[in-house]
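Dear colleague,

Please find the structure we spoke about just below, with its sequence. My notes on it follow, arranged by topic.

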Amino acid sequence: MTVPILRLHDGNTIPQIGLGTWPLNDEQAAPAVVAAIEAGYRHIDTAYRYGNERGVGQGIRDSGISRADLFVTTKLDGAFQGEDRAIAGLDESLRRLGLDYVDLLLIHWPLPQRDQYVSTWKTFEQLISAGKTRSIGVSNFKPAHIKRLLAEATLRPTVNQIQLNPCITRPDERSYGEAHEIVTVAWSPLGRGTDLLGNPTLAGIAAKYDKTPAQVVLRWHIEIGVVAIPKSANRDRIAQNIDIFDFTLTDEEVAAITALDTGADPGVDSDTMGH
Ligand code: A2P
């Protein structure tokens, strides 16, 4: 099984499926990461705020995989925003992970009321030359926040990680990303906390391909060109969520799934903090 990779504008690449780890604790994260790597995942997503970086690092070591074969993302907590503070923030994440570098470091939330995301970003630019992260990006940013980075900083974010699934398809954010070569990463791709996976349209498509509704939803993410990081703590569902590369959806099916968008605002926005 080959997971497609997307090219980032800085020349690095990101696997299109990764393991989401919120809200796993350290004890739960370690075996989930081992199960994911055994199932073929090469991309693991965590954050300082999740409080599970130690467990993620343990899982990576327990799996026996070579570090170079893995793509690890973490996110800088709001407590470390502000000029130069990201240096200590990333050091603490690396210490917890037991790694020398991450592949991708994200500003977890823009927190626009604090107005520190531009200075934080300028520090991120230095962390690449220090060798502590290979790529840098943002999370939960609206296009207006990214526009400020483009105007005031040197490097463009490689990704924007946002809540995205068939109920919340984020067309504006996706087209802004495409226009600026910023890859969109979908958190909560399975629509946690909603009845998305019970939707009859998905059930019909799933039956046609002998797949589950979750697999159809994840395949839809692949077809629309975004990265998805489904979370599961269950070995079978972890394996199921990456077993989506032996079928494709028709254009009509992609459109029918995209039409499930309820038009509702995401449950969390950039001014508050979800996970
Ligand atoms: P579990 O950890 O018990 O598998 P999201 O990634 O959108 O946040 O969704 C995560 C939620 O979806 C978790 O509650 C997870 O539960 C559940 N989940 C993950 N994979 C599947 C799947 N293949 N089928 C059904 N539910 C799933």
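Notes on the structure

The shell of residues around the ligand is made up, by class, of six nonpolar, five polar and three charged residues. Please keep in mind throughout that this is a predicted model, and that the distances, angles and accessibilities below are computed from it.

**The ligand and its surroundings**

There are 14 residues around the ligand, and those that come nearest are Lys231, Ser232, Arg237, Gln240 and Asn241. Arg192, by contrast, uses its side chain, where an N or O atom is 3.0 Å from an oxygen atom of the ligand. Taken on its own, the ligand has 570 Å² of accessible area, and the protein covers 77% of this.

Asn241, one of the residues that come nearest to the ligand, sits in the loop between helix H9 (235–240) and H10. Its relative accessible area is 3%, which is under the 20% limit, and Asn241 is therefore buried. Once neighbours within four places in sequence are set aside, the residues in contact with Asn241 are Ile17, Tyr41, Leu190, Ala214, Leu218, Pro230 and Ser232; Ser232 is itself among the residues listed as nearest to the ligand.

**Helix H10**

Helix H10 covers residues 251–258 and contains Glu253. Although Glu253 belongs to the charged class, it counts as buried, because its relative accessibility is 10%. Leaving out residues up to four places away in sequence, Glu253 touches Ile205, Lys208, Tyr209 and Thr248.

**Aromatic pairs**

How many aromatic pairs does a search of the whole structure find? It finds four, and I describe two of them here. In one of them, the ring centres of Tyr117 and Phe141 are 5.3 Å apart and the ring planes meet at 75°, so this pair is edge-to-face. Tyr117 belongs to helix H4 (residues 117–129), whereas Phe141 is in the loop between strand E7 (133–139) and helix H5 (143–152), so the pair ties together parts of the chain that are 24 residues apart in sequence. Tyr117 and Phe141 are both buried.

The other pair is formed by Trp121 and Phe124, and it is tilted, with 5.8 Å from centre to centre and 35° between the planes. Both of these residues lie in helix H4, three residues apart, which is about one turn of the helix. Trp121 is buried, with a relative accessible area of 0%, and Phe124 likewise counts as buried at 0% relative accessibility.

**Backbone features to look at**

A cis peptide bond, with omega at about 5°, joins Trp22 and Pro23, and Pro23 is found in the loop between strand E3 (19–20) and helix H1 (26–39).

Ala151 is found in helix H5 and counts as exposed, at 66% relative accessibility. For Gly225 and Leu6, which are 219 residues apart along the chain, the C-alpha atoms are separated by 8.4 Å. Gly225 lies in the loop between helix H8 (213–223) and strand E10 (227–228), where it is partly exposed, with a relative accessible area of 39%. Not counting residues up to four places away in sequence, Gly225 touches Leu6 and Gln16.

Definitions and conventions. Residues numbered from 1 in each chain as written. Predicted model: local features only at pLDDT ≥ 70, side-chain atom pairs only at ≥ 80, totals over all residues. Heavy atoms only, no water. Near = heavy atom within 4 Å. Polar contact = N/O pair within 3.5 Å; in protein donor to acceptor, adjacent residues only side chain to side chain. Areas by Shrake-Rupley, 256 points an atom, 1.4 Å probe, with all protein chains shown as cover. Helix = DSSP H or I, 4+ residues; strand = E, 2+ residues; numbered from the N terminus. Buried < 20%, exposed > 50% of the residue type's maximum accessible area, 1.4 Å probe, protein only. Contact = heavy atoms within 4.5 Å. Phe/Tyr/Trp six-rings, centres within 6.5 Å; stacked < 30°, edge-to-face > 60°.
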